[in-house]
Structures are given as structure tokens and as C-alpha cells.
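Work through the exercises below with the sequence and the model at hand. Try each task before reading its solution.

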Amino acid sequence: MGGVSQRVLTVAITIMIPLLASAQTDQRLRDRDPELLGAKKVTGELQEANFHNGPWYLLSRFRIADAGYTQSSYVPTGDESGLSLSVEAPHRLYFVPHKKTIFSAEFTPGYSFFNQNKEQRQLNYLARADAHFLFNHLYLDVYTLKSDQLRAHVADINRLATQVENETGVAGEVKYSSRTSAIFSARYRETEYPDDRFQPTRPNGDEIPVYLLERNERNARLSINHKTFPLTSLFVASEVSNYGFKNATYMDSNRIYYGGGLSYDNGRTSFRVEGGPMKLDFDDPNQRDYDGILARAEASRGNGRWNFSVGGDRDIGFSIFDDNSFYVATSAHTGVEYAATRRLTLRSGIIWERDRYETEVAGLKRMDEYSFSSVGFSYGIKRLRTGLDVGWYERESTAFGDEDDGIRYVLHLSYTP
């Protein structure tokens with residue numbers, strides 16, 4: 001596995017060099033994007049609407065993909081044995097009574113079917129409502145959502161699990177001046193793993209106690225951004241979270257993070273880097289606390305027919321593994337796309353992650369490592385786009401003998417009415 005991580009690092013460095021060189025050249029350009037980021041996103045979605053009648057806008061899609069596939073990546077798990085597909089039909093309705101006030105409602109019904117010894121099927125859904133307020137110096141989004149979906153849990157569990165979430169929050173941005181702004185968010189979330197829905201089991205058939213992860217959390221984040229150069233912003237950020245567990249009260253804890261970074265965007269090249277110290281403090285004195293550095297980096301480059309992306313992340317997650325309340329996850333990904341024709345796009349990518357546990361069990365510290373390297377294509381015909389990825393999946397672990405490798409196929413199909 002060391003060779004895989006070395007390849008990821010080599011590709012990342014190769015892509016980052018021209019990105020940074022481009023950044024140095026383009027700093028002399030003028031800032032051409034003074035708008036609030038949240039307001040830009042909303043107005044962009046309105047422009048992509050399939051149907052428009054007066055103040056009403058509707059965005060509709062239909063898509064089929066592997067059960068472990070998200071909009072950004074594919075994450076194979078130990079459940080991937082045979083066909084594993086999810087069908088979704090996301091709909092988002094906007095009502096614009098005034099150019100400064102926008103209401104939206106989103107509903108995404110889904111249906112998952114996959115093989116795990118015997119055939120399984122399950123209905124899923126996500127529902128969300130937002131009130132957007134767009135002013136000259138303020139963007140505000142007040143929202144609430146509820147979801148009941150099958151999701152891939154790569155770390156710790158290495159299985160698909162049904163997760164129910166209820167979340168209410170507010171997010172927005174205040175622009176103090178043309179160069180200085182504050183981005184903020186606050187939310188309350190409840191997470192459950194109901195036993196009457198599909199939940200994971202170990203290879204020997206034993207139940208995995210995912211119910212230990214059921215919790216409520218309160219989170220608030222604030223970042224101050226300053227456009228120090230025409231295309232580059234420097235920022236500082238702080239975040240505080242409180243976790244209360246329903247069935248594992250020994251994991252009740254508080255998390256505090258503060259850090260900083262920079263972001264750059266010239267239209268074709270963009271990158272963002274953030275990092276800083278974080279402390280996870282458990283209420284139970286018998287639990288091991290965490291005090292370390294978290295970091296995240298993302299970069300992309302579009303140049304004619306070619307599009308490159310690379311990124312990395314270091315964070316922690318809650319664990320149900322014996323005597324461990326958390327694990328440290330270090331991940332990296334890189335990808336490239338080539339528009340061969342107006343309809344055909346070729347792509348390739350690598351995803352890698354290493355999860356490290358701090359507390360020894362039977363004299364051994366657990367460590368999991370997995371990678372997925374793939375090549376594929378997508379082909380569009382009018383409103384229909386289809387594609388297929390083929391890749392090699394490999395996972396190693398020092399616990400449970402939870403190891404696997406083999407070829408994975410990822411089918412993609414989307415339709416826009």
C-alpha cells in the first residue's frame with residue numbers, strides 16, 4: 001500500500017506545480033467576482049432551472065449510480081459484492097416573490113437495491129426547505145432538512161448503513177467591505193441508525209453496533225476573509241461543537257478548532273488551503289482526548305479540454321471499535337478529465353485513505369488503509385448522460401482480518417427532463 005500513497009503524492013505534486021505557477025502569474029489581474037458567494041450559488045441554480053413560470057423555478061434530475069457513489073467521489077465498502085445501485089430523482093422548487101427573497105423546497109426520493117448473500121431493497125429520501133435572503137451586504141440561508149438514506153461508511157465500519165438525520169440551521173455571509181467578509185454557520189443535528197432499516201453486519205453475520213453512533217450535535221463556525229490580493233483571500237476560522245450520544249454517553253464531548261488559510265481563484269485555476277489545531281475533549285475522564293492538527297487542501301485547474309483536481313484532508317471521526325472513541329483519518333484524491341469530443345469525456349482518478357486508532361487493543365493499534373484507482377468515461381446524448389468507471393479496490397486492516405481487493409464497476413446514468 002505504500003506504493004499507492006507514493007503515487008498519489010507524486011501526482012499531487014505534479015499537478016500543484018503548474019497551479020502555483022499560474023497563481024503567481026495571475027495576481028496582477030483585477031478582482032472580477034465581488035458578489036456574495038451564497039447569493040451567487042442561488043442565482044446560478046435559478047439559471048439552470050428546467051422549468052420557469054413567473055416566480056416559480058423547477059430543477060429536476062434522474063440518476064442511477066452505485067450505492068457508494070456521491071456527487072464528488074465513489075467510496076467502495078465491504079458490502080460491494082455484486083450489483084449495488086441507487087436510483088434517485090432529485091427535485092428542487094424555487095419561489096421568488098422578490099429579487100431579495102427566495103424560498104426553495106427540495107425533495108429527493110430514492111430506491112436502493114444490492115446483493116449481500118440475499119437480495120435487498122430499500123426506499124430512501126431527503127427533504128429540505130430553505131429561506132434565502134439576498135441583500136447588498138448580507139446573505140442569509142435559514143434551513144431545515146430530514147433524510148433517511150443508505151450511505152457508505154468507509155472508515156471504522158467499512159459497510160453501507162441506513163442513516164436518519166434531522167437538521168436545522170442558519171448559514172450566511174456578511175460583507176463588511178469590498179475586501180473583508182465574514183462567513184458563518186450554526187446548526188443542530190440529530191443522527192440515528194434505526195434497526196428496522198438495513199444496517200451492516202460483519203462477514204461472519206454478527207451485527208455491527210452502529211447504534212452507538214446515534215447522537216445530537218451543535219456546531220458553530222465563523223471565518224473572517226480578507227481579499228489581500230486581487231485574486232487571493234487570506235482567512236482565519238474558528239469552530240466549536242458539542243456532541244451528546246444517545247447509547248454511548250461515554251463519548252459525550254466538546255470539540256474546539258481554530259486555524260487559517262488562503263484561497264485563490266482566477267476562473268481556470270483555484271485552490272484552497274486551511275489548517276490549525278483542534279482539541280476533542282471527552283466528558284468521561286477514562287476516554288482518551290485528542291489534541292492535534294487538522295488540515296484540508298483542494299486545487300483544480302481547467303485548461304481547454306483538460307480538467308485536473310487534487311486534494312487532501314486530515315480529520316477525526318467517532319469510532320465504535322473496542323476502547324477507541326475516535327480515529328484519525330488522512331485522505332488524498334486526484335483526478336483528471338479529458339473532453340475527447342463534444343459528447344464524450346474520458347476520466348481517471350485515485351482515492352486513498354488511512355485511518356489510525358490511538359488506543360491499543362490486545363497489544364495492537366488498529367490501522368486501516370484503502371485505495372481505489374479507476375478509469376472511465378461519460379457520454380451525453382441530448383438530455384441523457386451515461387458512463388462507466390472500472391477500477392481496482394484494495395483494503396488492508398490490522399483488525400478483524402477486514403481485507404479485500406478486486407475490480408469494482410461503477411455505473412452512471414442521469415436524465416434531465
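**Exercise 1: Strand pairing**

Task: State how many bridges join E15 to E16, and whether the two run parallel or antiparallel.

Solution. The model is a predicted one. Step 1: strands E15 and E16 run antiparallel and are joined by 9 bridges.

**Exercise 2: The next strand**

Task: Find how many bridges pair E16 with E17, and in which sense.

Solution. Step 1: E16 and E17 are paired over 13 bridges, in the antiparallel sense. Step 2: within this pairing, Gly311 is found opposite His333 in E17.

**Exercise 3: The largest nonpolar core**

Task: Name the residues that touch the most other members of the largest nonpolar core, and say which element gives the largest share.

Solution. Step 1: the core has 22 residues, and those touching the most other members are Leu213, Met251, Met278, Leu280, Tyr290, Ile316 and Phe318. Step 2: two or more residues come from each of the strands E12 (232-245), E14 (269-282), E15 (290-303), E16 (306-318) and E17 (326-339). Step 3: E14 gives the largest share, 3 residues.

**Exercise 4: Around Leu213**

Task: Which residues is Leu213 in contact with, leaving aside neighbours within four places in sequence?

Solution. Step 1: the contacts of Leu213 are Ile157, Tyr193, Phe245, Met251, Phe318 and Ile320. Step 2: another core lies apart from the largest one; its 10 residues include Tyr57, Tyr94, Val96 and Leu134.

Technical notes: Residues are numbered from 1 along each chain as its sequence is written. This is a predicted model: local features need pLDDT of at least 70, side-chain atom pairs count only at pLDDT 80 or more; totals for chains, interfaces and linings use all residues. Side-chain values use heavy atoms; hydrogens and water are left out. A nonpolar core is a set of buried Ala, Val, Leu, Ile, Met, Phe, Trp, Tyr and Cys residues joined through side-chain atoms within 4.5 Å. Buried means under 20% relative accessible area, exposed over 50%, partly exposed in between (1.4 Å probe, protein chains only). Helices (H or I, at least four residues) and strands (E, at least two) are DSSP runs, numbered from the N terminus. Contact means heavy atoms within 4.5 Å. Two strands pair if DSSP finds at least two bridges between them.
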